[in-house]
Amino acid sequence: MTLQMNWSRASTLLQRLGSVIGLVLLFIVLSVMSPDFLTTGNLLTVLRQVSINALIAFGMTFVILAGGIDLSVGAILAFTGAITAGLMASGHGMVLSVGAGLGLGLILGMVNGVLVSWGKVAPFIATLGTLTLLRGLTLSYTQGSPIPVTNQGFALVGGGYVANLVPLPVIWMFIAFIVCGFLLRGTVFGRHVVAIGGNEEAARLSGVRIAPMKVAIYGLSGLLSAFAGIVLTSRLYSAQATAGQGYELDAIAAVVLGGTSLAGGRGWLFGTLIGALLIGFLNNGLNLLGVSSFYQQVVKGIVILIAVLLDRRQ
Amino acid sequence: MAAPLVRMRNIHKAFGPVKVLEGVDFELLAGEVHALMGENGAGKSTLMKILTGIYAPDEGSIEVDGQPVSITSPADAEKYGIAIIHQELNLIPSLSIADNLFLGREVHRFGLLNRKAMDTRAKEWLTRVGMTKLDPTTLVERLSVGQQQMVEIARALGQKARVLIMDEPTAALTESETTTLFKLIRELREQGTGIVYVSHRMEEIFALCDRISILRDGQFVGTRDVPGLAFDEVVKMMVGRTLDARYPTRTPKIGDVRLKVEHITGGMVQDISFDLHAGEVLGVAGLLGAGRTEMARLLFGLDKLESGKVTLDGHAVTPKTPTEAIHAGFGFVTEDRKAQGLVLDLSLRENVSLPRVPAHAGLVDRGAEKKQTSGLIDALKIRTRDMELDVRALSGGNQQKVVLAKWLALKPRVLILDEPTRGVDVGGKAEIYHIINQLAETGVAILMISSELPEVLAMSDRILVMHEGHATALLDAHGATQEAVMTAATGGK
């Protein structure tokens, strides 16, 4: 009996390493097929592109691990980005504007959490609702036209470099990875996230306060989405009402590619990072190889399906 | 003598390097009820999964009516008339009885359902299992567990099953449903059906079965005729040793009143009062649906207390959530360990520390957590190589000990146990009884809900009997009889 489980443990490990192996294989193939791939410049560019999705996907990992889903991340990204840029455009300082943007993201996420826990609305529906609502608010706030960024200091958040080489968003991504990884593995909060996703009833009967936990989990997702929104706004020098459309699906794809179970209770943050990198390098590789953007989507879809099929538990 | 209905010979099965079955023989005659016994993990379910085509044996042969057959899928099993009634019922609650009975084999013409034909035939099948009063159009979710089981049996019979495998069929049944089920089993036996009865409940097996086959650690120990068979011999064959006693002797040291419950009412629970002393085990007996679990849920803050007063060590407590109940000093070992007690995909360590993770300022103290877990593993004799193992991998008895460990880590003042030994094998039961006694000796006040009367009588100091939400008796366990408890539990005087 116990040995039997070792097998399942080994196969879990294999499933987990699957995404890593996939990434390594992709690296090898792309290095061979395109001379431009394995250059510092290209790799750092990809990492910078990946960072936005990774930030969102880290938050999404917590939500999915706890047995939920958050479709509103892209909308939160757009709305908080617009508010942050708007505050600066109306003369407020950078620190206040960024603080307000992050705080707003946290609160919007917590609203999702309240809807899901106290409101007992299914996460899919609740966050679909806030997605639609926030998209509308963003459009009316921006009146559909981009809000330009003039604050030079703010432009560095997403556009700056460390040592003239590594883009700042990449640094943000790794810092967020370490903080979130520690949150998940080293804190009571993280333990309770996994317990809720594994068996909510057992967690509740063990005294875990489910509702506040969910508010915090969705709040974290909102906070990270807002952070991604601020980084993106800074990098693009403007806030667009349509920013972040479809980002929720990329984030979910990264989480699932990384081996986290959509049913909750099983997963890891490192996998999400790998999943985000896989998607990023795949896009980059297809670009370098001159594959049309129409087919890129087809390939991405196929990769996701294959990954999920491989991940299917017996 | 005719060939046996089913004969399995020299069955071997291994999963990876683990040998689960090593040369098991099993024979089922037409018109017999044959018990299959063994501790959890002995290989009973694997053997039955091989017979029903879910697993393929690595070695060995299966004969039906003396003819060698190969059963490689559940469809094959159905073809040979072999059906299994699972412990977890396989019905779709939102569909009607008739829909369920004909699921996958609907009567139709060009895809259009012929409901009338199905309802008529469903009625016939229900009559066969004695459920004449049930309307086939009733939704399954409206049926009691016992009725659902009858529907499952009706479905098996409708598929012309001659071999019926029942896995712990009475686990969720009330006394009267059990009686009805046994009556049906005896009738089926008369009609020549062969029944494999997998259960841990000795009393039932001795009352119902003709023969017993016993497995131990994947090995076939033997088959015995029930008439003339001694209870102790079966236990010995199962565990490979003689148990000192089924119930360890107790030396109760009863202290002051710890929990005072006065006139609590809420949901179906009506006006219950009792005192529970430190070091006392108060058994709670009653039929299924008597409101025992509901009373425990009220105390633990899971359901709303409408009126009444609860005092713990002199302080009024009215927990509104489990979190508050735990802080007040309650622990609750729930009835269904898989659904409510454990997070199966988390490790033993993580499950044990779920109610209170050893931590400083929110940061998990892994060292303290490991120390706490290994201490409890030793104290409760949880058999596992590794505290990092998912609890899913443990046997039922060991899982139950993990649930106990989880609460012991909190040092509760009042521990509520709801069916603490359900689905646990004989050896595991004895160990859990021992743990309960030890806890009581350290002064924990224990409220033990149980549907096994011998258990309640042997383990308790006093017994609270419930019937339809009311307390009908509070008996001194010494001198109480099964009859007295049953009388109160059925509402008699």
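This is a predicted model: local features need pLDDT of at least 70, side-chain atom pairs count only at pLDDT 80 or more; totals for chains, interfaces and linings use all residues.
Biologist: How are α3(A) and α5(A) oriented to each other?

Modeller: Helix α3 (residues 73–89) of chain A and helix α5 (residues 123–142) of chain A have axes 8 Å apart and meet at an angle of about 25°. Angles under 35 degrees count as roughly parallel. On that basis α3(A) and α5(A) are roughly parallel.

Biologist: In which crossing, left-handed or right-handed, does α3(A) pass α5(A)?

Modeller: The residues of α3(A) in this contact include A75(A), F79(A) and G86(A), and those of α5(A) include L131(A), R135(A) and Y141(A). By class, the contact has 9 nonpolar, 4 polar and 1 charged residues. The crossing of α3(A) with α5(A) is left-handed.

Biologist: Which element gives the most to the side of chain A that touches chain B?

Modeller: The contact between the chains takes 25 residues from chain A and 33 residues from chain B. On the side of chain A, the elements that give two or more residues are α1 (2–33), α8 (188–198) and α9 (200–205). With 6 residues, the element that gives the most is α8(A).

Biologist: Is L205(A) buried or exposed?

Modeller: L205(A) is found in helix α9 of chain A, and it touches P322(B), F332(B), T334(B) and Q340(B). A residue counts as buried if 20 or more other C-beta atoms lie within 10 Å of its own. For L205(A) there are 24 such atoms, so the residue is buried.

Biologist: What radius of gyration does chain A have?

Modeller: Chain A comes to 13 helices and 4 strands, and its C-alpha trace spans about 65 × 55 × 35 Å along the principal axes. Of its 314 residues, 51% count as buried. A compact globule with 314 residues would have a radius of gyration near 20 Å, and chain A agrees with this, at 20 Å.

Biologist: What is the radius of gyration of chain B?

Modeller: Chain B has 17 helices and 24 strands, and its C-alpha atoms fill a box of roughly 70 × 50 × 50 Å. The globule rule gives 23 Å for 493 residues, and the value for chain B is close to this, so chain B is as compact as a globular protein of that length. The radius of gyration of chain B is 24 Å.

Biologist: Among contacts in chain B between residues at least 6 apart in sequence, what share joins residues at least 24 apart?

Modeller: Buried residues make up 47% of chain B. Among the contacts with a separation of at least 6, those that join residues at least 24 apart come to 67%.

Methods:
Residues are numbered from 1 along each chain as its sequence is written. Chains are lettered from A and ligands numbered from 1 in the order in which they are written. Two residues are in contact if their C-beta atoms, placed from the backbone, lie within 7 Å. The radius of gyration is taken over C-alpha atoms; the globule rule is 2.2 Å times the number of residues to the power 0.38. A residue is buried if 20 or more other C-beta atoms lie within 10 Å of its own, exposed if 12 or fewer, and partly exposed in between; C-beta atoms are placed from the backbone. Axes are lines fitted to C-alpha atoms, for helices over the stretch in contact, and angles run from 0 to 180 degrees between N-to-C directions. Angles under 35 degrees count as roughly parallel, over 145 as roughly antiparallel, 65 to 115 as roughly perpendicular and the rest as oblique. A crossing is left-handed if the near helix is turned anticlockwise from the far one by less than a right angle, and right-handed if clockwise. Ala, Val, Leu, Ile, Met, Phe, Trp, Tyr, Cys and Pro count as nonpolar, Asp, Glu, Lys and Arg as charged, and the others, Gly among them, as polar. Lists of a residue's contacts leave out its neighbours within four places in sequence.
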